[in-house]
Amino acid sequence: MERPELPLQQLHAFVVLAEELHFGHAAARLGIAQPPLSQQIRRLEDKVGHALFSREPGRVTLTPAGRELLPAARRALTDLADGLAAARAVGSGRTGRLRIGFAASLALTVLPGLLRTFRQRFPGVHLDIHEMTSAPQIAALHDKTIDIGLLREPPADETELGFWTVLDEPFVAVLPATHPLAAQRVVELGQLAESPFVLLPRAVGPQLYDQITGLCTAAGFTPRIAQHAVEWQTVCALVETGLGVSLAPASIRRIRLKGVAFRRVKPGTARTRIAVAWRKDDQNPLVERLLATVSQDRPDRLQAR
């Protein structure tokens, strides 16, 4: 297909003259003198190879060639104007698509409020939400299949990604309701030494897994892992069946299961961090918009890492 070489200025002049059918009126509307308008029309006619207007004393009309060109010329100018407006909106971060990965447990804490606020501020942005654990989020950020990650315990050795801690929370013991320790308000970590554990696999969240097992080690025992589960909802369900106990972020208490008891642990100084993650070299203005939303909503908790 041959590429048409039609300057936009000539195309615009043609459409205005076709609407006015008067060189003087069209020139005034375009803000130019009549001779330059006539020159633009003649250059366009030379490119088309046919007259576009019939010029008679006191009367200007479209030729058949002109009538054929007019709808396409209008569409071209409208499409270009729409494209420019869309590009400006995307470039300014008012529209576009933002791909967000999130750990399932964050639906119990920061995720709903953050997304609600962002949607209120930028209703023209389409949010593409993907539920995934922390390690896959890191991989997806590197692969550029997501733009933002919301995860637990960001890795300490990352150089290409930026992290902001938006919230930290304590751990709780997750117990079958029939477990003897469920009768206590606070559980000492060492008291869990004899119970089998249900934990997330290390591969889905290495830092959180190591933190939990490290807490057990500091309490004088190595946890005996009876079962792994990828999601905290499943961990709690397996605890309810009596397969074992667990240590989990405190927000897990919002998972309501009648056969599960959540108890504070001692020592209670250890906390798990929730962070927003992004590529440091990402030029997507929507990433900046979301980070600005995070910083405005949680200025007292936001910490760079």
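The model shown is predicted; local features need pLDDT of at least 70 and side-chain atom pairs pLDDT 80 or more, while totals for chains, interfaces and linings use all residues. Residues are numbered from 1 along each chain as its sequence is written, and side-chain values use heavy atoms, without hydrogens and water.

**View 1. Length and end of helix α3.** Helices here are DSSP runs of H or I with at least four residues, strands are runs of E with at least two, and both are numbered from the N terminus. Gly49 follows α3 and has a positive phi, near 90°.

**View 2. Packing of α2 on α3.** Helix α2 (residues 23-30) packs against helix α3 (residues 34-48) at about 100°, with the axes 9 Å apart. Therefore α2 is roughly perpendicular to α3 (angles of 65 to 115 degrees). In contact (heavy atoms within 4.5 Å) are Phe23, Gly24, Ala26, Ala27 and Leu30 of α2 with Gln34, Leu37, Ser38 and Ile41 of α3.

View 3. Leu37, Gln40, Ile41, Leu44 and Glu45 are the buried residues of α3 (buried is under 20% relative accessible area, exposed over 50%, with a 1.4 Å probe and protein chains only). Down the helix axis they fall within an arc of 135°, so they line one face of α3. The arc is taken from directions running from the helix axis to the C-beta atoms. Their cover includes α1 (8-20), α2 and β1 (53-56). Pro35 and Asp46 are exposed on the face turned away from the buried side of α3.

How values were computed:
Axes are lines fitted to C-alpha atoms, for helices over the stretch in contact, and angles run from 0 to 180 degrees between N-to-C directions. Angles under 35 degrees count as roughly parallel, over 145 as roughly antiparallel, 65 to 115 as roughly perpendicular and the rest as oblique.
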